[in-house]
Amino acid sequence: MKFFQATHKFDHSWAQVTAANWMKYPNEQCPHVIAVDVLDRHVDPETGVLRTERLLTCNQNAPALVLKFLGGSTLSYVRETSELDPKTKKLTMRTQNLSMCNVLIINETVTYTVNPQDESSTMFKQEAQIVAGSALSRFSSYVEDFCLTRFRDNAAVGRAGFEMVLEKFKAASHEATSQLEKATVATAAAAAVNAAGASL
Amino acid sequence: MSSSIGEKCTNIKQEYDSCFNSWYSEKFLKGDASPECDDLFFKYKDCLMKVLEEKKLDTLLADARKDNPFPNASSSSSAPSSSSSSTNSESTRKD
């Protein structure tokens with residue numbers, strides 16, 4: 001088992017960051033995320049927390065031969081559950097891969113909170129747990145190290161991409177939502193947040 | 001806007017996404033949590049659930065929910081009772 005942790009500060013308000021977060025895909029930096037579906041969503045009547053459950057469908061990057069060996073298909077699936085509290089201004093998103101679990105399990109938790117030192121910026125925290133599945137238990141240490149490195153690289157790319165999305169989002173923040181979506185599509189996004197698990 | 005896993009659901013999904021994104025920024029974050037996109041969401045979900053069943057992803061998701069449940073809204077039922085009772089087509093066997 002390996003752990004990955006990263007923090008980052010986005011120089012955008014929590015409202016902007018969380019709004020942009022819903023519009024992250026599709027984008028050029030994460031072409032492997034081919035579909036995003038909302039399975040369930042509601043506002044908790046007691047707490048006011050917005051809960052969302054989504055399914056991400058991704059193209060596997062792995063070579064066909066590897067997939068054949070591992071018995072996987074060319075598509076992989078990631079389930080994401082999130083809780084967004086508008087009062088405390090905290091968004092927590094948890095993701096886990098649904099497919100290829102015999103090969104690798106990645107549990108990721110990401111939070112977006114208001115920066116207590118500067119309310120116009122947002123703190124991002126990312127934690128992931130990487131476990132080689134039973135199919136690869138003999139090689140678990142190697143696989144986990146490999147994936148950790150890959151995850152770290154993806155995370156950095158993803159954050160840089162999301163910064164670009166946010167810049168466009170901010171510039172367009174007074175325009176119609178559809179305009180914002182176009183801006184999001186045109187650039188990159190936080191690949192790592194949801195897709196790192198899927199892209200491995 | 002992102003596509004749906006089911007091609008035929010993409011249009012209604014994107015309609016729903018547009019509605020949700022406006023609602024999120026213009027209502028929800030301003031303190032108004034009353035729902036506005038439910039009709040679109042139910043239409044979209046109807047379409048999506050059929051696709052998930054076809055692709056046999058409903059069982060995969062049900063398993064994932066056992067480990068990491070998704071809390072229900074207090075109004076909805078506590079168990080995702082899917083259509084397990086529909087055995088309507090008895091195939092006629094000819095030897």
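Modeller: On the face of H2(B) turned away from its buried side sit the exposed residues Asp39(B), Phe42(B), Asp46(B) and Glu54(B). Mind you, this is a predicted model: local features need pLDDT of at least 70, side-chain atom pairs count only at pLDDT 80 or more, and totals for chains, interfaces and linings use all residues. Residues are numbered from 1 along each chain as its sequence is written, while chains are lettered from A and ligands numbered from 1 in the order in which they are written.

Biologist: What makes residues of H2(B) buried, and which ones are?

Modeller: Phe41(B), Tyr44(B), Lys45(B), Leu48(B) and Leu52(B) are buried, so each has 20 or more other C-beta atoms (placed from the backbone) within 10 Å of its own. The exposed ones have 12 or fewer, and partly exposed lies in between.

Biologist: Why is H2(B) called a helix, and what span is expected of it?

Modeller: A helix is a DSSP run of H or I with at least four residues, and H2 (residues 38-54) of chain B has 17, so it qualifies. After H2(B) comes Lys56(B), with a positive phi near 60 degrees.

Biologist: How do you know how many residues of chain A are in contact with chain B?

Modeller: Contact means C-beta atoms, placed from the backbone, within 7 Å; by that test 31 residues of chain A are in contact with 25 of chain B. S2(A) gives the most to that side of chain A, with eight residues.

Biologist: What makes S3(A) and S4(A) a pair?

Modeller: Strands (DSSP runs of E, at least two residues) pair if DSSP finds at least two bridges between them; S3(A) and S4(A) have 10, so they pair, and they run antiparallel. One example is Asn59(A), whose bridge partner in S4(A) is Leu75(A). Both strands belong to an open, antiparallel sheet of seven, ordered S1-S7-S6-S5-S4-S3-S2 in chain A.

Biologist: Why are some strands called edge strands, and which are they?

Modeller: Strand S1 (2-10) and S2 of chain A are the edges, as each pairs on one side only.

Terms used:
Contact = placed C-beta atoms within 7 Å. Expected span 1.5 Å × (residues − 1).
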